[in-house]
Amino acid sequence: MRLLDVLGYGTGFYPRKIARRLRVLNITCWGTALVWLGFAAYYLTDFKLRTVVLIDEGIAVLLFGVPLLHRIGPNAAAVAFLFVSYPGIFTVCLLVGTDSGMQMEYLAFAAGAVLVLGVEPLVPPLIVGILSLAFILALEIFAPHNSGLLSETEMLGVFIAVVTATTTIMFAVVFYAVREAARSEAIAEFEYARSESLLTNVLPAAIADRLRSGATQVIADKHEDASILFADMAGFTAEGSQTSPVQLVGFLNEVFTAFDQLVERHGLEKIKTTGDNYMVVSGVPVARPDNAAALIRLGIEMLDAADRLHDPHGRAVSIRIGIASGPVVAGVVGVKKFFYDVWGDAVNMASRMETTGVPGRIQVSPETYTQLSDQFEFECRGPVDVKGKGKNNDLAPGWAKGREYSNG
């Protein structure tokens, strides 16, 4: 059995914060009990000190058993320790004398109460401190310096032993408490770093910074020039009915991981995935003049990446991609399980471009085509019935054929 398991006796069912304080109390109880046993053994051969020996032995036995009270409640053992130690020290000090230095243990207990009871609420450790002061003053007033039971030499030896034992116990208690606090701080820092990492994975970095600062309760921004991409795997619904859940999730993870890497490389923002639908935005939350061109380049690489992938049945992966450009509104929605999303006519148009598209092609809206006609080679598809827009030659989308014109 490890030493930490022994020190943690009776604390396993308490929360970490309380268990740490109770382990400190265990160290104090058992260390103090050993000191009382040591004094009992030291006095054992002296018949005139038999009363002191019996008191020392009784206190030691009781202190060894104090940790058993952890099962009653988090403060039961601490209260029992006080009821055993404080009268015990007072009685022995009255019998032997204050030159023994026994009253110094009250100072150690007052300091230890802060570690064991905590500072919230402040009243319990404050009461222990006041009691310690009261007992010390009472001994100085009512107890003799040396009752005559011990010689001056013996009294000096007892004083040295008390000081050494008290210092050792306090050092062990403080060392353990500080070490546990350092470990808890390290764990807290790790959890904070992990939560920060999760936050930046859920939200764009600029939005995450604003959310941390708490400068605004509502995060909502309008972007006059942005582009949106939707990608969807053709035949995914039929694929899902023929594939086991584990294989299906593994397949989606492989595809979306490949897409995530491309999005990060192009400096774009993935908004969400819904089923097999993948959404990316460009020019949000940070404006960029090449927002539409960046999405076209991403779409071309997504098609290439899909060509290299295969579904669980070994078939090639085929995706449809739709892109549209225009003004959008972006913001954070929700308090629990919040998310960052984008709204606007351009978002709806991008979704229609994907749903009316053809596998293996990138279909762009007329607005996107107008911006990029001199940078990429397009092919006009002809009139397409776009939901909410009708069938109109002026709205005819085009195919981005995957070749970018040189700047020259």
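In the predicted model, helix α2 meets helix α4 through L25, T28, C29, T32 and W36 on the α2 side and A77, A78, F81, G88, I89 and V92 on the α4 side, where contact means heavy atoms within 4.5 Å and helices are DSSP runs of H or I with at least four residues, numbered from the N terminus. The two helices pack at an angle of about 25°, with their axes 11 Å apart, the axes being lines fitted to C-alpha atoms over the stretch in contact and the angles running from 0 to 180 degrees between N-to-C directions. That makes α2 roughly parallel to α4, a term applied to angles under 35 degrees. Residues are numbered from 1 along each chain as its sequence is written. In this predicted model, local features need pLDDT of at least 70, side-chain atom pairs count only at pLDDT 80 or more, totals for chains, interfaces and linings use all residues, and side-chain values use heavy atoms, with hydrogens and water left out.

The largest nonpolar core holds 50 residues, of which W36, Y43 and L63 touch the most other members; such a core is a set of buried Ala, Val, Leu, Ile, Met, Phe, Trp, Tyr and Cys residues joined through side-chain atoms within 4.5 Å, buried meaning under 20% relative accessible area with a 1.4 Å probe and protein chains only. Two or more residues each come from α2 (16-43), α3 (50-65), α4 (76-96), α5 (104-117), α6 (123-142) and α7 (152-202). Beyond its neighbours within four places in sequence, L63 is in contact with C29, W30, T32, A33, W36, F81, V84 and S85. A second, separate core of 35 residues includes A294, L298, L372 and F376.

Notes:
Angles under 35 degrees count as roughly parallel, over 145 as roughly antiparallel, 65 to 115 as roughly perpendicular and the rest as oblique.
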